[in-house]
Amino acid sequence: MGIGLGGGSSLDETSSFMVDFVKKCGGYAVVDGGFATELERHGADLNDPLWSAKCLITSPHLAKRVHLDYLNAGANIITSGSYQGTIQGFEAKGFSKEEGEGLLRKSVEIACEARAIYYDRCTKDSWDYFTHNNDQSSLRRPVLVAASVGSYGAYLADGSEYTGKYGDEVSVEKLKDFHRRRAQVLANSGADLIAFETTPNKIEAQAYAELIEEEEIDIPGWISFSSTDGINAASGDSIMECAAIADCCKQIVAIGINCTPPRFITTLISSIRKVSSKPLVIYPNSGETYDAESKQWIRSNGLVDEDFVSYVGKWQEAGASIFGGCCRTTPNTIRAISKLLSAGNSSKYNT
Ligand SMILES: C[S+](C)CC[C@H](N)C(=O)O
Ligand SMILES: N[C@@H](CCS)C(=O)O
Ligand SMILES: [Zn+2]
């Protein structure tokens, strides 16, 4: 059972959802890292139009394992394997619409099962600890399951989530039609929130915001944007204009930047802060660049986990409160982020 608001929650409850969750987690929350990256580390071949969503068909056990890896590393929010899983994409593989919808639901079920396993272990561990130490300090962390929605560009599987250049024929209406059914299915899947990830442009943010209102999507969500220059969204649209669209939507409870090099994040946070006071979720990639043709990441500089983690304090100072990693980050990254933030928290309480 999740700790989400569930259907029929009031707008007031929704608007404070993420603020309350972050408070409950101790003033910051940790998101998981690269789902696809960790699947690959376990041997999955994701060279496929469905990319990480391929595992929903071929290796659901691995998906559960990856969620558990991230929970064990300290994540408070895990994102489902539905990023590049679309009903259209499943149909192209020969599945029926109903089967495609079933695979989307399954992505959330797998994440919920991982959370249940994690909770069970925590209960057992803390009971063992309590009986031996008379201390309840190892009680379980709060965990949300976020249903991932990748952009239209992700579905195109040509890397256009990093360009946002969809062509003149792609309108807000067309994007709404593209995303409609998946958003409805995921909103009713048992997820606590929807994560609209790696959004490269303004029209897609507009499409999400309108869809949420029109379809009465009644679970909270976040919209996070990609950037390739640290100033604008990936398409070149102003990040402030993109964030302002997300800010106007009541169901959107956090705004973010993901799958963007760490070195670009601080300036983007400052820009978003000019137009929104909603919680900010930051989960950059490793700093490498994605080559859509070979489906490989190309190393652009020598960033390693430790370098990534050294930025986190600056992002917190700039006003973000939810931190994690995206592509090419691993449970080690998430473990290091968790450690750093909890050390910061205990030093606050000790001074
Ligand atoms: C976030 S990107 C690395 C996902 C994969 C991309 N949409 C592709 O299919 O090439
Ligand atoms: N969370 C996604 C990637 C977003 S860019 C995944 O790893 O499947
Ligand atoms: Zn990513």
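**Reading the terms in a predicted chain with two ligands**

Trainee: Which residues in helix 11 are buried?

Mentor: Ile239, Cys242, Ala243, Ile245 and Ala246 are the buried residues in helix 11. A residue is called buried with 20 or more other C-beta atoms within 10 Å of its own, exposed with 12 or fewer, and partly exposed in between, the C-beta atoms being placed from the backbone. Helices (H or I, at least four residues) and strands (E, at least two) are DSSP runs, numbered from the N terminus.

Trainee: What makes the buried residues of helix 11 line one face?

Mentor: Viewed down the axis of helix 11, these residues fall within an arc of 150°, and so they line one face. The arc is taken over directions from the helix axis to the C-beta atoms. The partners against which they pack are helix 10 (202-214), strand 5, strand 6 and helix 12.

Trainee: What does the secondary structure of the chain come to, and what share of its residues is buried?

Mentor: There are 15 helices and ten strands, and 50% of the 351 residues are buried.

Trainee: Why are the buried residues of helix 12 said to line one face?

Mentor: The buried residues in helix 12 (residues 265-273) are Ile265, Leu268, Ile269 and Ile272. Their arc about the axis of helix 12 is 105°, so they line one face of the helix. They pack against helix 11 (239-248), strand 6 (252-258), strand 7 (280-283) and helix 14 (312-317).

Trainee: What places the buried residues of helix 2 on the same side?

Mentor: In helix 2 (residues 17-25), Phe17, Met18, Phe21 and Cys25 are buried. They cover an arc of only 85° around the axis, which puts them on the same side of helix 2. Gly26 follows helix 2 and has a positive phi, near 110°.

Trainee: Why is Thr198 called buried?

Mentor: Thr198 has 28 C-beta neighbours inside 10 Å, and therefore counts as buried. Thr198 lies in strand 4, with a positive phi near 55° in a residue other than glycine. Most residues other than glycine have a negative phi.

Trainee: Why is Ala157 called partly exposed?

Mentor: Ala157 has 17 other C-beta atoms within 10 Å, so it falls into the partly exposed class. Ala157 sits in the loop between helix 8 (152-156) and helix 9 (172-187). Its phi is also positive, about 60°, although Ala157 is not a glycine.

Trainee: How do you know which residues belong to the shell around ligand 1, and which classes are represented?

Mentor: A residue is near a molecule if its C-beta atom, placed from the backbone, lies within 6 Å of it. Around ligand 1 these include Trp51, Ala157, Glu161, Thr198, Cys259, Lys295 and Cys327. The shell divides into seven nonpolar, three polar and two charged residues. Here Ala, Val, Leu, Ile, Met, Phe, Trp, Tyr, Cys and Pro count as nonpolar, Asp, Glu, Lys and Arg as charged, and the others, Gly among them, as polar.

Trainee: Which members of the largest nonpolar core touch the most other members?

Mentor: Of its 103 residues, they are Ile194, Trp222, Ala246, Ile282, Ile322 and Phe323. Helix 7 (residues 97-133) contributes the largest share of this core, eight residues. A nonpolar core is a set of buried Ala, Val, Leu, Ile, Met, Phe, Trp, Tyr and Cys residues joined through C-beta atoms within 7 Å.

Trainee: With which residues is Phe323 in contact, leaving aside its neighbours within four places in sequence?

Mentor: They include Tyr28, Val30, Ile282, Trp315, Ile337 and Leu341; contact requires C-beta atoms, placed from the backbone, to lie within 7 Å.

Technical notes: Residues are numbered from 1 along each chain as its sequence is written. Chains are lettered from A and ligands numbered from 1 in the order in which they are written. This is a predicted model: local features need pLDDT of at least 70, side-chain atom pairs count only at pLDDT 80 or more; totals for chains, interfaces and linings use all residues. Two residues are in contact if their C-beta atoms, placed from the backbone, lie within 7 Å.
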